[in-house]
Amino acid sequence: MVKLSNHILIISLLVTILCLSTQSQAKAYKTVLIHGFQAQQLFTIDSGKLESDAESYWADYWGPLADERIDWPSFERVEGKIASDYLWPKLKSMSEQGTCASGCIFLTHSTGDLIARYIIDNQANWLENAGLQPLNIVATFDVAGAGGGSELADVAVNVANGASNPLTEAAIRAWLGRSIGETLGVLNDLKVNNARQIASFPDSRTPRLRFIADGDLFLGATKLFLPGKDDSVVATHSACGANQAGSFDSCSLNIATDGKVTSQDKGVRHFLPYHYPMLMSDNYDHLSIIIDHAKGKVTAANTAIDIAPNKRVAFNTYTKNEGFWLWKKQYTYVRNSDSQSMSALMFAALPE
């Protein structure tokens, strides 16, 4: 009986792996993952754990679906060893193997957005100088993107330099899991002004599709330091791809992050080049947005965008009226978002 159960379990696992592999292969472009900031790496510096850390980071959903990963250490700087010792060798290997010959979509989370921007700005020059073919990066899916930096990084660096009080200490402990130590690494690059200076206007016309959360983490300890709406780690100006830091409540001028159709006085009006906000939700936070757990309805700042000839990323939406008479309000939601996670909605939208 035990042997039979084991056989059934093995067969079930094989079927699951086959299904995931088939799903990935059915997509038009390879998917490349770039993870975000990993706080634990500041406190235990071990380059030998980068691969296992990255595997754990993506384990809940995206890991089995992706074709490739670009791993990097949070204890280094973007324009320093992250670029020379981690990005360059990986990009070189991907070019030599033809990984993106037919096109790749980079899916990033958090600081991965900033890493991707730096790659997009430099990879063609790096690879051509080495006599190699540049990667064909068709688009990026930037999830809870920190390309515009995070005010929490400013707070953390200030605390490390001795400018602290009980509120800042509590916020940093909530975010990092402990008090800040001597190693700051990529936190220096995540300071808002610094992040916005790193490859801020790449020559490449790669579409950067944005996916935004507006939920709560850490019992609200971090929200005091983030302007406008936020996902408890990055503010809307960063996640949306706004061309400047500021206090914004939505990535749209006519729809709120909860889907309510109404004028947004504090909506983002101007974006970084080729940045396009897509899905928004006040039900997801900075962490839950990349796991396969449906937390509630999602809305769309934009319902569709062409990323290549005959290749479109699109989401089906519907409108719903709630309340009655003078209190009636209209909402726009993405179909199936009440039962599917935002990550699942994103995966389904990858072109086939």
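Does Arg210 count as buried or exposed, and at what relative accessibility? The points below answer this and go on to the contacts around it.

1. This is a predicted model. In it, Arg210 counts as buried, because its relative accessibility is 1%, under the 20% limit. The side chain of Arg210 meets that of Asp113 in a salt bridge, 2.8 Å from N to O. This pair links distant parts of the chain: Arg210 belongs to strand β5 and Asp113 to helix α6 (residues 112–129), 97 residues apart. Asp113 is buried too, with a relative accessible area of 1%.

2. The structure holds 14 salt bridges. Another of them joins Lys90 and Glu68, with the closest N and O atoms 2.8 Å apart. Here again distant parts of the chain are linked, Lys90 being in helix α5 (residues 78–97) and Glu68 in strand β2 (residues 68–70), 22 residues apart. Lys90 counts as partly exposed at 24% relative accessibility, whereas Glu68 is buried at 18%.

3. Asp216 and Lys223 form a salt bridge in which the closest N and O atoms are 3.2 Å apart. Asp216 counts as exposed, with 56% relative accessibility; Lys223 is partly exposed, with 22%. Elsewhere, salt bridges with shared partners join Asp113, Asp142, Arg208 and Arg210 into one network.

4. Ser232 lies in the loop between β5 (208–213) and α11 (236–240). Its relative accessible area is 0%, so Ser232 is buried. A polar atom of the Ser232 side chain is 3.2 Å from the backbone oxygen of Gly215. Leaving aside residues up to four places away in sequence, Ser232 touches Leu152, Gly215, Asp216, Leu217, Phe218, Thr222, Lys223 and Leu226. Both partners of the Asp216–Lys223 salt bridge are therefore among the residues that Ser232 touches.

5. A search of the whole structure finds eleven aromatic pairs. For Tyr331 and Tyr333, the ring centres are 5.9 Å apart and the planes are at 10 degrees, so this pair is stacked. Tyr331 is buried, with a relative accessible area of 11%, and Tyr333 also counts as buried, at 6%.

6. Tyr61, Trp62 and Phe347 are linked into a cluster by ring pairs.

Conventions:
Residues numbered from 1 in each chain as written. Predicted model: local features only at pLDDT ≥ 70, side-chain atom pairs only at ≥ 80, totals over all residues. Heavy atoms only, no water. Helix = DSSP H or I, 4+ residues; strand = E, 2+ residues; numbered from the N terminus. Buried < 20%, exposed > 50% of the residue type's maximum accessible area, 1.4 Å probe, protein only. Polar contact = N/O pair within 3.5 Å; in protein donor to acceptor, adjacent residues only side chain to side chain. Contact = heavy atoms within 4.5 Å. Phe/Tyr/Trp six-rings, centres within 6.5 Å; stacked < 30°, edge-to-face > 60°. Salt bridge = Lys/Arg side-chain N within 4 Å of Asp/Glu carboxyl O.
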